[in-house]
Amino acid sequence: SGTYSVTLSGSNGCTATTSVQVFQDTNVPTVSISPSSATLTCANPTVTLTANGVGQYRWSTGATSQTISVGSSGTYSVTVSSGNGCFATSSIQVQQDNSVPTVSISPSSATLTCANPSATLTANGTGTYLWSTGATSQTINVTLANAYSVTLTAGNGCTAVASAQVFQNNNAATVSINPSSTTLTCTNPSATLAAVGTGTYLWSTGETSQSISVNTM
């Protein structure tokens with residue numbers, strides 16, 4: 001840049017002079033990308049990248065808009081060209097976290113009985129819980145035979161599902177006494193009564209054996 005002049009001398013020895021001012025504009029534009037870092041997740045599968053700078057934009061994807069939306073991990077760059085032909089480039093690394101959490105239910109199966117009419121199911125895993133019953137706690141208490149499931153959502157929005165089967169056994173025990181009736185007499189002052197059935201016994205006398213002896217005393 002500067003002032004340049006030229007002097008022309010004619011054949012008659014006369015001269016003429018003219019000058020020109022040469023300026024210089026090599027200012028390089030500035031450019032950055034917002035956000036400065038990004039991670040794609042199950043909850044946020046895309047991210048919008050915005051170029052900050054004045055000029056014409058050209059992304060590594062071929063887009064020429066100021067903003068682009070990306071759904072894949074990788075390095076993205078943008079070049080801004082100013083009116084003087086100078087340019088600047090900025091880039092960003094987009095990460096991806098689609099790791100799926102693990103979840104299980106303890107116990108994996110349970111049986112409701114007359115002695116145990118309810119069962120506690122516990123979800124094992126890190127995240128937030130949503131049971132098929134609508135509950136959001138880590139543990140639930142159930143009283144009906146059914147298939148129960150829980151959905152675990154991790155911090156990245158990815159989910160996993162586990163299920164457990166709850167059965168029910170409320171079949172009443174069958175019991176009889178042998179003999180079904182008896183008569184104590186002077187000749188037979190005692191009788192043995194035997195319980196017929198599978199399980200534990202409790203007689204009206206307080207005894208817990210399968211058979212008892214009764215007498216007239």
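**Entry 1: a surface patch**

I began with patches, which are made of residues with over 30% relative accessible area and no salt bridge, joining like charges within 9 Å and nonpolar side chains (Val, Leu, Ile, Met, Phe, Trp, Tyr) within 5 Å. A salt bridge here is a side-chain nitrogen of Lys or Arg within 4 Å of a carboxyl oxygen of Asp or Glu. Accessible areas come from the Shrake-Rupley method with a 1.4 Å probe, and for residues only the protein chains shown count as cover.

This is a predicted model, so I kept in mind that local features need pLDDT of at least 70 and side-chain atom pairs pLDDT 80 or more, while totals for chains, interfaces and linings use all residues. Residues are numbered from 1 along each chain as its sequence is written, and side-chain values use heavy atoms, leaving out hydrogens and water.

Which residues form the nonpolar patch on the surface? I found Y4, V20 and V22, with about 270 Å² of accessible area together. Y4 sits in strand β1 (residues 2-9); strands (E, at least two residues) and helices (H or I, at least four) are DSSP runs, numbered from the N terminus. Y4 counts as partly exposed because its relative accessibility is 48%, with buried meaning under 20%, exposed over 50% and partly exposed in between (1.4 Å probe, protein chains only).

**Entry 2: the cysteines**

I looked for disulfides, meaning pairs of cysteine sulfur atoms within 2.5 Å, and the structure holds 1. C42 and C158 form that disulfide, with their sulfur atoms 1.9 Å apart. The torsion about their S-S bond is about 75°, so the disulfide is right-handed. C42 lies in the loop between β4 (38-41) and β5 (47-52), and C158 in the loop between β15 (146-153) and β16 (159-169), so the pair ties together parts 116 residues apart in sequence.

Are these two cysteines buried or exposed? C42 is partly exposed at 37% relative accessibility, whereas C158 is buried at 2%. I also checked C86, which counts as buried at 16%, and C114, which counts as exposed at 62%.

**Entry 3: the sheet with β4**

I followed β4 into an open sheet of 4 strands, in the order β4-β9-β8-β6 with mixed pairing. Its edge strands are β4 and β6 (56-59), each pairing on one side only; two strands pair if DSSP finds at least two bridges between them. The twist averages 25° from one strand to the next, using lines fitted to C-alpha atoms (for helices, over the stretch in contact) and angles from 0 to 180 degrees between N-to-C directions. β4 and β9 (residues 87-97) run parallel, joined by 4 bridges. I noted that T39 stands opposite Q95 in β9.
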